[in-house]
Amino acid sequence: MSLESLNMAGGVLGTAFSLLLLASITQGLQDVDILHYEKMEAVVGENVTLPCIIQSSPSLTITSVEWRKNKSRNTKLAVYTPTYGLSQFWPNVTMQIVPNGSYLHLHSVETWDSGFYICEIATFPLGSISSETELEIKDEVKLLCDAESIVEVHPGENVTISCTAFPADHYKWTKNNTLVSEIQSLELWLVTEAHSGIYTLTVNTGNKSVHKEFSITVLTATTSLRTDLQVEVSRSQSSTHLQCLSSWPPSSTSYIWFKNGRKIKEYTAPYANFTYDSADSYSCAVKGYEDFPSPSVYTPKFPFVSVSPSAEIEEGGSVTLTCSSDANPAANYTWYKKNEDSPKASGQIFNITDFRAEHSGNYYCETQNILGRSNSTLHLIVVAGSSTMTMNIIRMTVLVLMLIPVFLLSLWMSICCCP
């Protein structure tokens, strides 16, 4: 059957659609797509996996898979053919072969691993299909913790804060410059008011270090009042106006202001004006109770977007997109489609019902509060699925059934007319 007839058949039956969070590239045949990342970021020391998977044509025969790095120098990383097997040419690179493509694994990446990674899959009968991923390796410490920076507990309870850093060589927890622990987790058992305070985690990587502070409050009748601080935000064109609010204002006191966890100013009034940068966070405390600051206010962090229920959906089905972002004050959520001025939806959840081909394109979730905004793009691609193959089978079956009577009639006539 010709490529033209394959494409014509796709318009007769209901077409299955796929939602791909990874970008897709098409070469040669319209219905062939490679699942891959357009761009990926990692930090030094992490393990990175780059996919290169044919999504919509399982009937293709793969004759070779090749990974290269960079467009100009064209450094060959790994090659696979069914006849000669797998060859790998780079120390920290391994290639994993799967039925419809491959994964390239980069172990303990360094900054020089940044660049463009090209995957080329040779297939029969369609020829070569390729994809390209831009990988950026950042030389910084990535620290992930399972607790917020402010922790409140009651007397007699236990506190555990676990953190993991990439890369990491040594962990150290201190309180008032006194060593508390030298493991990843801070563990406090049967706490009393004496455990309250600022705990600092320092992670050393050999040539770099990162610090993160946690304020632990053991709540009593007094400290419950101390922790009732909030920062109210308002903005003008040139500056950010902050007010330190509390239901327990002392009769005479000063207010301490913190920027990114560090003390910067002291005022007798609860007001302060700052020139705000999107990377900054601010908090306040009552003088004498600096160990009990307010929650920080900051711009929405980079949003996380997810899709449900699955990556494949038939025409007429529904899909739910969910957006979440860490922000204080709380963020507002708006959904847009690229090259369209009007928003598609508002709120964290965006439902698309009766899914059609025209719904394909780039969608992005924008999170915004009074301090700033951030957005994340989701790439939705419509590709022909299994129903195209089903249509082809039906057409061929009908054609064969129609030709059988013609053949039998022709055979009968030749026998009857034979002298």
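Biologist: Which residues does the salt bridge at 3.4 Å, N to O, join?
Modeller: Arg 373 and Glu 366, through their side chains. A salt bridge here is a side-chain nitrogen of Lys or Arg within 4 Å of a carboxyl oxygen of Asp or Glu. This is a predicted model, where local features need pLDDT of at least 70, side-chain atom pairs count only at pLDDT 80 or more, and totals for chains, interfaces and linings use all residues. Residues are numbered from 1 along each chain as its sequence is written, and side-chain values use heavy atoms, with hydrogens and water left out.

Biologist: Is Glu 366 buried or exposed?
Modeller: Glu 366 is buried, at 12% relative accessibility. The classes are buried under 20% relative accessible area, exposed over 50%, and partly exposed in between (1.4 Å probe, protein chains only).

Biologist: How many salt bridges does the structure hold?
Modeller: There are 7. One of them pairs Lys 259 with Asp 280, with 3.7 Å between the closest N and O atoms. Lys 259 is in strand β23 (residues 255–259) and Asp 280 is in the loop between β25 (271–274) and β26 (281–286), so the pair ties together parts 21 residues apart in sequence. Strands are DSSP runs (E, at least two residues), numbered from the N terminus.

Biologist: And how accessible are Lys 259 and Asp 280?
Modeller: Lys 259 is partly exposed at 30% relative accessibility, while Asp 280 is buried at 10%.

Biologist: Switching topic, what does Lys 344 pair with?
Modeller: Glu 340, the closest N and O atoms being 3.5 Å apart. Lys 344 is partly exposed at 38%, and Glu 340 is partly exposed at 34%.

Biologist: Which residues are linked in a network of salt bridges?
Modeller: Glu 66, Arg 68 and Glu 120.

Definitions and conventions:
Helix = DSSP H or I, 4+ residues; strand = E, 2+ residues; numbered from the N terminus.
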